[in-house]
Amino acid sequence: MGQIEIKQSGAKKVSFFPCVKCGSENIEFGDCGYSSFNVAWGKCRDCKHEVKISSCDWDINTEKIVKIWNEANNPKILRENYQKQINELQRLIDTLPF
Ligand SMILES: [Zn+2]
């Protein structure tokens, strides 16, 4: 009898940031499962804050969705991004004539 090795990833725990808007950890992660123009999301069940991934690959998985949710709900990353925007706006302000 022949044998084939099937790679199984098995169950894995992935950590996610609480909702940046309300602090809830009651987050739904999901995707439509479409083969094309798939849409995935992370959504806070309490305040409805949502991170949409549109359109994403058909083979997106919860781990990838959580990664994108984390980038959008990580206060450190958000703070850095806001600071970059502030710096850019400050640069524009500085170019204005008095
Ligand atoms: Zn929330």
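## The sheet

In this predicted model, three strands form an open sheet in the order 1-2-3, with antiparallel pairing. Strands here are DSSP runs of E with at least two residues, helices are DSSP runs of H or I with at least four, and both are numbered from the N terminus. Two strands count as paired if DSSP finds at least two bridges between them. Strand 1 and strand 3 lie at the edges with a single partner strand each, so one side of each has no neighbour in the sheet. From one strand to the next, the twist averages 5 degrees; the axes behind such angles are lines fitted to C-alpha atoms, for helices over the stretch in contact, and the angles run from 0 to 180 degrees between N-to-C directions.

Local features are reported for residues with pLDDT of at least 70 and side-chain atom pairs for pLDDT 80 or more, while totals for chains, interfaces and linings use all residues of the predicted model. Residue numbers start from 1 along each chain as its sequence is written.

## Strand pairs

Strand 1 (residues 27–31) is joined to strand 2 by five bridges, and the two run antiparallel. Within this pair, I27 has C44 of strand 2 as its bridge partner, and D31 stands opposite A40 in strand 2.

Six bridges connect strand 2 (residues 38–44) with strand 3 (residues 50–56), again in an antiparallel arrangement. A40 has I53 in strand 3 as a bridge partner, so that residue can be followed across the sheet: D31 stands opposite A40, and A40 is bridged to I53.

## Turns and backbone details

Most residues other than glycine have a negative phi, and most peptide bonds are trans. The hairpin of strand 1 and strand 2 has six residues between the strands, and G33 in its turn shows a positive phi of about 75 degrees. The loop between strand 1 and strand 2 also holds F37, which has a positive phi of about 50 degrees although it is not a glycine. F37 is exposed, with 10 other C-beta atoms within 10 Å.

In the hairpin of strand 2 and strand 3, five residues separate the strands. K48 is found in the loop between these two strands, and its phi is near 70 degrees, a positive value in a residue other than glycine. K48 counts as exposed because it has 10 C-beta neighbours inside 10 Å. Strand 3 contains S55, and a cis peptide bond with omega of about -10 degrees joins S54 and S55.

## Helix 2

Helix 2 (residues 75–95) consists of 21 residues and spans 30 Å from its first C-alpha to its last, close to the 30 Å expected at 1.5 Å a residue. The expected span is 1.5 Å times one less than the number of residues in the helix. The number of buried residues among the 21 of helix 2 is zero, so the helix lies largely in the open.

R79 has its place in helix 2. R79 is exposed, with 10 other C-beta atoms within 10 Å. Its C-alpha atom is separated by 34 Å from that of S36, a residue 43 residues apart from R79 along the chain.

## The whole chain

The secondary structure of the protein comes to two helices and three strands, and from the N terminus on the elements run β-β-β-α-α. The radius of gyration is 19 Å, well over the 13 Å that the globule rule gives for 98 residues, so the protein is more spread out than a compact globule. This radius is taken over C-alpha atoms, and the globule rule is 2.2 Å times the number of residues to the power 0.38.

Along the principal axes, the C-alpha atoms fill a box of roughly 85 × 30 × 25 Å. Of the 98 residues, 9% count as buried. Among contacts with a separation of 6 or more, 36% are between residues 24 or more positions apart; two residues are in contact if their C-beta atoms, placed from the backbone, lie within 7 Å.

Technical notes
A residue is buried if 20 or more other C-beta atoms lie within 10 Å of its own, exposed if 12 or fewer, and partly exposed in between; C-beta atoms are placed from the backbone.
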